[in-house]
Amino acid sequence: MKILVTGGLGFIGSHTVVELQNEGFEVLVVDNLSNTSLNVLDGIQSITGKIPAFEKLDLREKDNVQDFFKRHHDISGVIHFAASKAVGESVENPLLYYENNINALVYVLQELQKKPEANFIFSSSCTVYGQAEKMPITENAPVQQPISPYGNTKKIGEEIIIDVAKVTNINAILLRYFNPIGAHPSTEIGELPIGVPQNLVPFITQTGFGLRKELAVYGDDYPTPDGTAVRDYIHVVDLAKAHVIALQRLLNKKNTAKVETFNLGTGTGSSVLEVINTFEKVSGKKLPYKIVGRREGDITEAYANTDKANTVLGWKAQSTLEEAMASAWKWEQKIRK
Ligand code: WQD
């Protein structure tokens, strides 16, 4: 079966391509290479021995999307990662995010609705919950108006998919990621932040390597055990495996609704200081950091209730924070060689 992976050379996309190939799927990757490079294809091949078919495609170009789907009739499922994902950038340049994250989704769905049947996995985010009232967060927690345009594109994307699935043959699963971190244990693929990393873990590993002077910890006055904000850090390989399981659920017609939603996290919350301590433990390095003011738009805490993914999907994150941080550190050292 041929599976289309949009944004398949990105961080989570590339790890998912590896897991799809490991499960015997034929994979077709499209990516506009705006936030990655073709070298990722080599990384995938060195892990699985198979190079996925690849076409450079910018999903914002409607004609090219139509032409692509005209040439590829035999796609059994789509995993849609292609999107811009930097929260801060989305605040400064909202239209880039609405154009890329919404238009691309619409053009892909317009092609899928022409097919007799379509299976669609959507990369969403726990950011749609905003600051949830209750921890751990279940899928029934209310979706709130996300603070960033990035988060809003995920909320709108989910709403578009729900509306479209109601009146078409498209079956979908929305996967709400918590905080993806780490890298493939082979160190052949991992996170490639371009410029100054916005996310915590790549900033930590770059600081650990000496590329950054010190980590700025955004606030230690949160109502949490050590005052720093709490998140649910999930290993990217665990996350990738969940996508394959979700896709198989649709392909095997096990879904019980046209659109299903799953939180993908470990179920454990970790504070920024705990992540720092874990890095120091796995690297043997002291991490220079300073406490500064809170970052605009940050929430206090978010960690997943994973019961639904565990019981309905039959998926559970396997890696500990320590293992995920060790893989991130190993990757940082590899790419800086
Ligand atoms: C984690 C914690 C920061 C950097 C966002 C998106 C989410 C997903 C992941 C895309 C927070 C603190 C961070 C730093 C710090 N998006 N921090 N110093 O904001 O939880 O989630 O990225 O994949 O959808 O919402 O992740 O890694 O930016 O921050 O203290 O230099 O680390 O304040 O508490 P976040 P993050």
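1. Apart from residues up to four places away in sequence, E117 touches N169 and K253, where contact means heavy atoms within 4.5 Å. The side chains of E117 and K253 make a polar contact of 2.6 Å. A polar contact is a pair of N or O atoms within 3.5 Å; within protein, one atom must be able to donate a hydrogen and the other to accept it, and residues adjacent in sequence count only if both atoms are side-chain atoms.

2. The model is predicted: local features need pLDDT of at least 70, side-chain atom pairs count only at pLDDT 80 or more, and totals for chains, interfaces and linings use all residues. Residues are numbered from 1 along each chain as its sequence is written, and side-chain values use heavy atoms, with hydrogens and water left out.

3. E117 lies in the loop between α5 and β5. Helices (H or I, at least four residues) and strands (E, at least two) are DSSP runs, numbered from the N terminus. E117 counts as partly exposed because its relative accessibility is 37%. Buried means under 20% relative accessible area, exposed over 50%, and partly exposed in between (1.4 Å probe, protein chains only). From E117 to R71 the separation is 46 residues in sequence and 17 Å in space, C-alpha to C-alpha.

4. Helix α5 covers residues 94-112, 19 residues in total. From its first C-alpha to its last, α5 reaches 27 Å, close to the 27 Å expected at 1.5 Å a residue; the expected span is 1.5 Å times one less than the number of residues. The buried residues of α5 include Y97, N100, N101, Y107 and E111. Partners against which the buried residues of α5 pack are α3 (62-71), β4 (75-80), α4 (87-92), β5 (118-125), α6 (149-166) and β6 (170-177).

5. The ligand is surrounded by 19 residues, the closest being S125, L200, A216, R231 and D298; a residue is near a molecule if one of its heavy atoms lies within 4 Å of it. This shell divides into 10 nonpolar, 5 polar and 4 charged residues. Here Ala, Val, Leu, Ile, Met, Phe, Trp, Tyr, Cys and Pro count as nonpolar, Asp, Glu, Lys and Arg as charged, and the others, Gly among them, as polar. Strand β8 (residues 215-218) gives the most to the shell, with 4 residues.

6. A polar side-chain atom of N199 lies 2.9 Å from a ligand oxygen. Of the 690 Å² of accessible area that the ligand has on its own, the protein covers 92%.

7. T205 belongs to helix α7 (residues 200-209). T205 counts as buried because its relative accessibility is 2%. A polar atom of the T205 side chain lies 3.1 Å from the backbone oxygen of P202, and a polar contact of 2.7 Å joins the side chains of T205 and E332. Beyond neighbours within four places in sequence, T205 is in contact with F279, A328, W329 and E332.

8. V40 is found in helix α2 (residues 39-48). V40 counts as buried, since its relative accessibility is 9%. Outside four places in sequence, V40 is in contact with L9, S14, I189 and L192. The C-alpha atoms of V40 and E322 are separated by 25 Å, with the two residues 282 residues apart along the chain.

Technical notes. Accessible areas come from the Shrake-Rupley method with a 1.4 Å probe; for residues, only the protein chains shown count as cover.
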